[in-house]
Amino acid sequence: MNRFKSILNAIRRHKSLKYIIVVVIAVVIVGFVDENSIWNHFRNKQKINELKAEIERYNRQHEQAKAQLKRLNSNPKAIEKIARERYFMKADDEDIFVLSEDLQPEQMPEDETTE
């Protein structure tokens, strides 16, 4: 307890020291501890920038989808092209061969042979 009293007496004797302590405590509270601290403002700005970039990405995807929908509504050949490419649909008199580049000859299992 004596040590605490001696610290308080030292602070009282040095007038500028108590102002410095109050300023340091205020900076710590405003900068880091408080709910509206500067640290939280920086994190919120970073999150806002990330969300704006995500909004731009979704807007671009939306515009591309709208353009594709417009093409599909105006051109029946476009529907046929998408059906063939994405869903491997075919006409009655056609055969479809799907060539996959996933397995290279050196990656194929040993029991299969390439022709």
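## Helices and overall make-up

The chain holds 4 helices and 0 strands, with elements running α-α-α-α from the N terminus on. Helices (H or I, at least four residues) and strands (E, at least two) are DSSP runs, numbered from the N terminus. Buried residues account for 5% of the chain's 115 residues, where buried means under 20% relative accessible area, exposed over 50% and partly exposed in between (1.4 Å probe, protein chains only).

## Model and confidence

Please keep in mind that this is a predicted model, in which local features need pLDDT of at least 70 and side-chain atom pairs count only at pLDDT 80 or more, while totals for chains, interfaces and linings use all residues. Residues are numbered from 1 along each chain as its sequence is written, and side-chain values use heavy atoms, with hydrogens and water left out.

The average pLDDT (the predictor's confidence in each residue, from 0 to 100) is 81 for the chain, and 88% of the residues score at least 70.

## Where α1 meets α2

Helix α1 (residues 2–13) and helix α2 (residues 15–33) have axes that come within 4 Å and cross at roughly 105 degrees. Axes here are lines fitted to C-alpha atoms, for helices over the stretch in contact, and angles run from 0 to 180 degrees between N-to-C directions. The two helices, α1 and α2, are therefore roughly perpendicular to each other; angles under 35 degrees count as roughly parallel, over 145 as roughly antiparallel, 65 to 115 as roughly perpendicular and the rest as oblique.

On the α1 side, the contact (heavy atoms within 4.5 Å) is made by Ala10, Ile11 and Arg13, and on the α2 side by Lys15, Leu17, Lys18 and Ile21. These residues of α1 and α2 divide into 4 nonpolar, no polar and 3 charged. For these classes, Ala, Val, Leu, Ile, Met, Phe, Trp, Tyr, Cys and Pro count as nonpolar, Asp, Glu, Lys and Arg as charged, and the others, Gly among them, as polar.

Ser37 sits in the loop between α2 and α3 and, at 1% relative accessibility, counts as buried. Leaving aside neighbours within four places in sequence, Ser37 is in contact with Val30, Gly31 and Phe32.

Asn40 belongs to helix α3 (residues 38–74). This residue, Asn40, is also buried, with a relative accessible area of 17%. With neighbours within four places in sequence again left aside, Asn40 touches Asp34 and Glu35.

Searching the whole structure finds 1 salt bridge, defined as a side-chain nitrogen of Lys or Arg within 4 Å of a carboxyl oxygen of Asp or Glu. The side chains of Lys66 and Glu63 form this link at 3.8 Å, N to O. Both Lys66 and Glu63 lie in helix α3, 3 residues apart, about one turn of the helix. Lys66 counts as partly exposed at 45% relative accessibility, and Glu63 counts as partly exposed at 46%.

## Where α3 meets α4

The axes of α3 and α4 are 5 Å apart, and the helices pack at an angle of about 115 degrees. That makes α3 roughly perpendicular to α4. From α3, Gln68, Arg71, Leu72 and Ser74 meet Pro76, Ala78, Ile79, Ile82 and Arg86 of α4. By class, the contact of α3 with α4 has 5 nonpolar, 2 polar and 2 charged residues.
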